[in-house]
Amino acid sequence: MAKHSARVNRKTKSQISKRNSGYGAVIVLTDFKVADISIAPGGDIGCHRPAEKSLPTLASLMSRPGYRYIPNDGSTSLGVVDPDGTLLAGIFTGPAPRNASSPSWDTAIEDMSSLMERLRREEDVSFLRGETHHRRGNYTLVSSGITHGNGRKIPGNLRERHPAIVEELKNSEAVRRVVGHQDALFRYNAPKLYAHCADQVDELLAHHQDLQRPFSHSVYTTFTANMGPASSTFKHVDSQNDAHVWCAITNGGHFDFRKGAHLVLYDFKLIIEFPPGCTAILPSATVSHGNTAIGPGETRYSLTQYINGALFRWVRHGFRPASGLTRNDRAERDGDAEDRCAKVLGMFSKTDEILLDRECLL
Ligand SMILES: [Fe+2]
């Protein structure tokens, strides 16, 4: 079996799991419940919503009724919960160094950022316009991993236009550390969703041994490097991502986080300061999100990981297109559409149950 087809790591450190749910502060939403999350009929992906075509100013967001500004200097971790305590998203600090000789998290973020800057500059003219101006914003991006849908007959590895960039990113110690941290945050904060994803990814890769997730130490099947120079995203949902998946976003660069690059969670009416080195995890297929602009001359880079929603449907359908199933077989495999959506939302964890939920991974 190919190296990157190894089973997904489900380990959690039990001493951490039992002791610490991990939030320095909790933001309680007053008018949004987990049941308000809109999943497309079928329970696989988010509902399509058109992206906006420009970045909002902080002032324009602050003037919107009901929006809350959340200060965050990056020194503590924030959980976003609904009125019943169900965790809907989180913004986290970096991990502690593994040992006294390992580089600090700040160093890793600086290394990731300068690598992206160098790789973008070196490749420069060979980027297509669609790689520098796209529905999420006006900055350069490179993706790698497994995809399906959009006319594909079977899942496949993304065709890479910049294999040298992808290879360098995948081999970077700094990027690999960020990838591992993102995976751990998803695992610890949405353990039931993570376990579901791990099962599906394992099944997919056991069946299709040609498929390669980019990093063997992460459940995610795809990553995107947002390579700057000013990677702020327009308001959007990643509706083609799987509804079970909390995508992860770690940012770097040099910007004034009090003035720009805020993480805006539109459905929650939250404007959160998002300093370099912080990682956000959120159900990006279903929750509308984006950033504010950074200032002239400032830079921002980010690394995101996610899973395409058509992949798990492919697994559920027995590694066949829906058109290859009889009506009865499909009805049996899909079940009731509303039940499937409710089942996804039922896998979100409440903060007071999260330590118990983590046991599904032990
Ligand atoms: Fe996104």
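Visitor: At what angle do helix H3 and helix H6 pack?

Guide: Keep in mind that this is a predicted model. Find H3 at residues 105-123 and H6 at residues 173-189. Their axes are 8 Å apart, and the packing angle is about 120°.

Visitor: Is the crossing of H3 and H6 left-handed or right-handed?

Guide: Look at the stretch where the two helices touch: H3 brings Ala108, Asp111, Met112 and Leu115, while H6 brings Ala174, Val175, Arg177 and Val178. The hand of the H3 and H6 crossing is left-handed.

Visitor: By class, how many residues in the contact of H3 with H6 are charged?

Guide: Asp111 of H3 and Arg177 of H6 both take part in the contact. By class there are 6 nonpolar residues and no polar ones, and the charged count is 2.

Visitor: On to the open sheet of 4 strands: which strands stand at its edges?

Guide: Read the order across the sheet, E2-E10-E9-E12, with mixed pairing. The twist from one strand to the next averages 20°. The edge strands each have a single partner, so one side of each has no neighbour in the sheet; they are E2 (68-70) and E12 (289-291).

Visitor: Which residue in E12 is the bridge partner of valine 264?

Guide: Strand E9 covers residues 263-265 and runs antiparallel to E12, with 3 bridges joining them. Across from valine 264, the bridge partner in E12 is glycine 290.

Visitor: How many residues of strand E13 are buried?

Guide: E13 spans residues 299-306, and the strand is mostly covered. Buried here takes 20 or more other C-beta atoms within 10 Å of a residue's own. In E13 the tally is 7 of its 8 residues.

Visitor: What stands opposite isoleucine 249 in E13?

Guide: E13 is joined to E7 (residues 222-226) by 5 bridges, running antiparallel, and there asparagine 226 has serine 302 as its bridge partner. E8 (residues 247-254) is also antiparallel to E13, with 7 bridges. Opposite isoleucine 249 you'll find threonine 304.

Visitor: Last one: within what arc do the buried residues of H10 fall?

Guide: Helix H10 takes up residues 337-346, and its buried residues are Cys341, Val344 and Leu345. On the other side, Asp339 and Gly346 are exposed. Seen down the axis, the buried ones line one face of H10, because they fall within an arc of 95°.

Terms used:
Residues are numbered from 1 along each chain as its sequence is written. This is a predicted model: local features need pLDDT of at least 70, side-chain atom pairs count only at pLDDT 80 or more; totals for chains, interfaces and linings use all residues. Axes are lines fitted to C-alpha atoms, for helices over the stretch in contact, and angles run from 0 to 180 degrees between N-to-C directions. A crossing is left-handed if the near helix is turned anticlockwise from the far one by less than a right angle, and right-handed if clockwise. Two residues are in contact if their C-beta atoms, placed from the backbone, lie within 7 Å. Ala, Val, Leu, Ile, Met, Phe, Trp, Tyr, Cys and Pro count as nonpolar, Asp, Glu, Lys and Arg as charged, and the others, Gly among them, as polar. Two strands pair if DSSP finds at least two bridges between them. A residue is buried if 20 or more other C-beta atoms lie within 10 Å of its own, exposed if 12 or fewer, and partly exposed in between; C-beta atoms are placed from the backbone. The arc is that of the directions from the helix axis to the C-beta atoms.
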